[in-house]
Amino acid sequence: MKTINLKKYYYPLYETDTFIELPDEVADAIVEESRAEDANDAKQHYHCYSLDASPGMEHHFPEQAVSPEDILVEKETEREQEAARALMMERLREALATLTPRQASCLHARFWEGKQFKEIAEAEGFTTSAAIVTVRNAIIKLQKYYIKRGWMKPPKEKAICTKTAPPKRNRKKTSAKKS
């Protein structure tokens with residue numbers, strides 16, 4: 001068992017002398033890591049800073065030691081993000097299964113392959129405007145599916161991909177004059 005001073009290796013976290021006993025392997029690993037870090041800092045200083053640099057340049061970029069708590073919070077956040085991504089992908093697969101084969105192929109070509117509408121139309125064998133309408137209808141169908149399942153809130157404003165009928169014109173009925 002070796003005794004080390006935590007202030008020497010973890011200064012921003014331990015500002016007072018704190019001595020702990022560690023197994024030899026752990027203490028040697030901490031010392032070796034500290035030496036490697038010091039060597040890397042010296043190499044970086046040698047290669048990155050010129051002689052005409054302003055004095056005190058090392059204080060412009062203070063290195064912050066990462067606390068164990070920050071590491072745990074970061075790992076927990078990563079796990080939560082991965083779980084949310086998996087759920088989102090599962091929901092997307094479920095929603096894509098509701099599309100017609102034509103809609104699914106056009107949507108895939110447009111967003112996953114990055115094709116232009118003209119290329120999609122040529123590949124599928126229909127007009128460019130039909131490709132545009134098919135992709136738009138697929139997006140609207142996915143949006144409605146997400147709203148129906150409660151995975152998405154309905155848009156507050158009229159979005160680009162809303163399918164509404166144009167306003168009806170009020171025409172005056174003309175009576176045919178009999179002569």
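**Entry 1: the model**
I am working with a predicted model, so I keep in mind that side-chain atom pairs count only at pLDDT 80 or more.

**Entry 2: H3 against H6**
I started with helix H3, residues 68–96, and helix H6, residues 128–149. I found their axes 10 Å apart, at an angle of about 120°. An angle of 65 to 115 degrees would count as roughly perpendicular and one over 145 as roughly antiparallel, so H3 and H6 are oblique to each other. I noted the crossing of H3 and H6 as right-handed.

Next I looked up who meets whom. From H3 come Met88, Arg91, Leu92, Glu94, Ala95 and Leu96, and from H6 come Leu142, Tyr145, Tyr146 and Arg149. Sorted by class, this contact has seven nonpolar and three charged residues, with no polar ones. I marked Tyr145 and Tyr146 on the H6 side for a second look.

**Entry 3: the aromatic rings**
How many aromatic pairs does the structure hold? I counted two. In one of them, Tyr145 and Trp151 sit 5.9 Å centre to centre with 70° between the planes, an edge-to-face pair. Edge-to-face is also my label for Tyr146 and Trp151, at 5.3 Å centre to centre and 80° between the planes. For both labels the cut-off is an angle over 60 degrees. Trp151 takes part in the pair with Tyr145 and in the pair with Tyr146, and I logged the three residues as one aromatic cluster.

Are these residues buried or exposed? I checked each one. Trp151, at 24%, is partly exposed.

**Entry 4: H4 against H5**
I then turned to helix H4, residues 101–112, and helix H5, residues 117–124. Their axes lie 10 Å apart and the angle is about 140°. Roughly antiparallel would need an angle over 145 degrees, so I wrote down H4 as oblique to H5. The crossing of H4 and H5 is right-handed.

Which residues of H4 meet H5? I listed Ser105, Cys106, Ala109 and Arg110 in H4, which meet Phe117, Ile120 and Glu124 in H5. By class I have four nonpolar, one polar and two charged residues in this contact.

How values were computed
Residues numbered from 1 in each chain as written. Heavy atoms only, no water. Axes fitted to C-alpha atoms, helices over the stretch in contact; angles between N-to-C directions. Helix = DSSP H or I, 4+ residues; strand = E, 2+ residues; numbered from the N terminus. Parallel < 35°, antiparallel > 145°, perpendicular 65-115°, else oblique. Left-handed = near helix turned anticlockwise from the far one by under 90°. Contact = heavy atoms within 4.5 Å. Nonpolar A, V, L, I, M, F, W, Y, C, P; charged D, E, K, R; others polar. Phe/Tyr/Trp six-rings, centres within 6.5 Å; stacked < 30°, edge-to-face > 60°. Buried < 20%, exposed > 50% of the residue type's maximum accessible area, 1.4 Å probe, protein only.
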